[in-house]
Structure formats: structure tokens, C-alpha cells
Amino acid sequence: MAKAPHVLVVEDEAALADLLKYNLEKEGYRVSVANDGEEALVVADEAKPDLVVLDWMLPKAPGIEVCRRLRARQDTRNTPIVMLTARTEESDRIRGLDLGADDYVTKPFSMSELLARLRAVMRRIRPGLAEDKLVCGDIVMDRVSHRVKRGEREVHLGPTEFRILDHLMQHPGRVFSREQLLDAVWGSDVYVEARTVDVHIGRLRKALMVGDENDPIRTVRSAGYALDVDA
Ligand code: CA
């Protein structure tokens, strides 16, 4: 399976937070929940979510402040944010969008409406997450049938190698540290030694390189690994 997108739900109403978590998980997302604005910033830092669903009225730090601070940080600068607002004043919505929220949904909302909006935001902002097919140089990944080809050759990968390649192909050229790959592929709640990444990268390379094919994975000393765009 390609790694499911990770959604951070920031909502202080426990019943609504539970309902959101339940429905988002049913939809195939991985979900973290934060119950106030300060916790949201901590969890966002740790979990590196692909998308944030952010309530406007929150204890400790209001949603608009959380939004502003997520936008100010390097690693969450481009993370899509969908705001939940009970307010109907147009000026508040506009303020939210001005501060970098990607969309807003007014409470009360239907779950199907919210899910549709989230899917739309994902497709718009991180097309890699919603795409069935990834292409990088001569490597083509079909994420539905879980098949990988290099040129005309079928590449056989184990599930972990598949997920690593999926992640690298979503961000071609970008260097990932072992820790970032661990978080992205295994999840931050699992303890795996950083060396394990090297082992799986080794297997991935072996599967991708047959005969005189070049090595598409660049090792960046003391930094990590990247998939080269012109592989
Ligand atoms: Ca609230």
C-alpha cells in the first residue's frame, strides 16, 4: 500500500474530534488529534501531517494563530489547512484565507461535504498524494496495481521498498534524512533503527539496477537519500 495521507485534526470538542477521526480513518487517512492550539503546534512538528483540519475557536492558541504559526514554519509552510468555523462573518473567513488557510468549512457541516472538500484540497495542493501513477525518469509506479516498471522491465519490490520508492517519487530530487524516511515510511510511532533504512535502500537499488542501468538513488553523505529526477 502507498502510505496513506496523514491528517492532523485540531478540535477541542471531544465528540466532534472523535467523529472526525473515525470518519477520516474510514476514508483511509491516518489521523492525529490535538485538542488545543498549543498541542496542535507540537503535534504538527512531530507528525509532519499532509493536511491540517483546524478549528477556529480553540483554547490556548486560537485557530487563526495556529494557522499563522504553521505558515511561518519551514516544514509546514505548504501544508494544506482547512479551517472549521462556527462563525458566519465573511470577514473572519477572509482573514483565515488571507493567513494561508486553503479552504474553510462552516459548522455545522455534513461529514460527506467535509471529506469532499479535503479530497479537493489534497488533489489541488499535493497532487502526488492523489495520483494513481507516478513517473520519474524511466521509472513508472502504478500505485493502484502496485507495479513498478523501469523502462520496459518489471521491477519486483518488497512492501517496504515500494513505500520508500513511493515517497521518493512524490518528491523527486529532494533529499530525505534517514529519520525523515523512517517517519514517512514506518510512521513516527514505530521504533526502527536508522540503519534499517540503509538496508532497504540497498534492496531498492538492487531491484532498480539490473545490468548496466544507472543508479537512480543519490546518497548524500551525512544527509540522506534522494531520487534523481533525470534517473
Ligand atoms: Ca472549538
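Let us start with S177, which is found in the loop between helix 7 (159-170) and helix 8 (178-186). Helices here are DSSP runs of H or I with at least four residues, strands are runs of E with at least two, and both are numbered from the N terminus. S177 is buried, with a relative accessible area of 18%. Buried means under 20% relative accessible area, exposed means over 50%, and partly exposed lies in between, with a 1.4 Å probe and protein chains only. Leaving aside neighbours within four places in sequence, S177 is in contact with A223 and G224, where contact means heavy atoms within 4.5 Å.

Before going further, a word on the source. This is a predicted model, in which local features need pLDDT of at least 70 and side-chain atom pairs count only at pLDDT 80 or more, while totals for chains, interfaces and linings use all residues. Residues are numbered from 1 along each chain as its sequence is written, and side-chain values use heavy atoms, with hydrogens and water left out.

Now to the overall layout. The domain assignment gives domain 1 (6-129) and domain 2 (133-227); such bounds come from an automatic or database domain assignment. The C-alpha centres of domain 1 and domain 2 lie 30 Å apart.

Next, the calcium ion. Which protein donors does the calcium ion have? They are D12 (OD), D55 (OD) and M57 (O), lying 2.1 to 2.4 Å from the ion. Donors are N, O and S atoms within 2.8 Å of the metal, or 3.2 Å for Na, K and Ca; water is not among the atoms, so sites may look incomplete. In sequence, the donor residues are spaced D-x42-D-x1-M.

H167 is found in helix 7 and counts as buried at 16% relative accessibility. Beyond its neighbours within four places in sequence, H167 is in contact with F176, L181, A184 and V185. The buried residues of helix 8 are L181, L182, A184, V185 and W186. Their cover includes helix 7, helix 9 (194-208) and strand 11 (224-227). Just after helix 8, G187 takes a positive phi of about 95 degrees.

What of the nonpolar cores? A nonpolar core is a set of buried Ala, Val, Leu, Ile, Met, Phe, Trp, Tyr and Cys residues joined through side-chain atoms within 4.5 Å. The largest has 26 residues, of which L165, M169 and L227 touch the most other members. At least two residues of this core come from each of strand 6 (133-136), strand 7 (139-142), helix 7, helix 8, helix 9 and strand 11. Apart from this core lies another, of 21 residues, among them V52, W56, L70 and Y104. In soluble globular proteins, nonpolar side chains tend to be buried together.

Finally, R150 lies in strand 8 (residues 147-150). Is R150 buried or exposed? At 2% relative accessibility, R150 counts as buried. The side chain of R150 makes a polar contact with the side chain of N214 (2.5 Å). A polar contact is a pair of N or O atoms within 3.5 Å; within protein, one must be able to donate a hydrogen and the other to accept it, and residues adjacent in sequence count only if both atoms are side-chain atoms.
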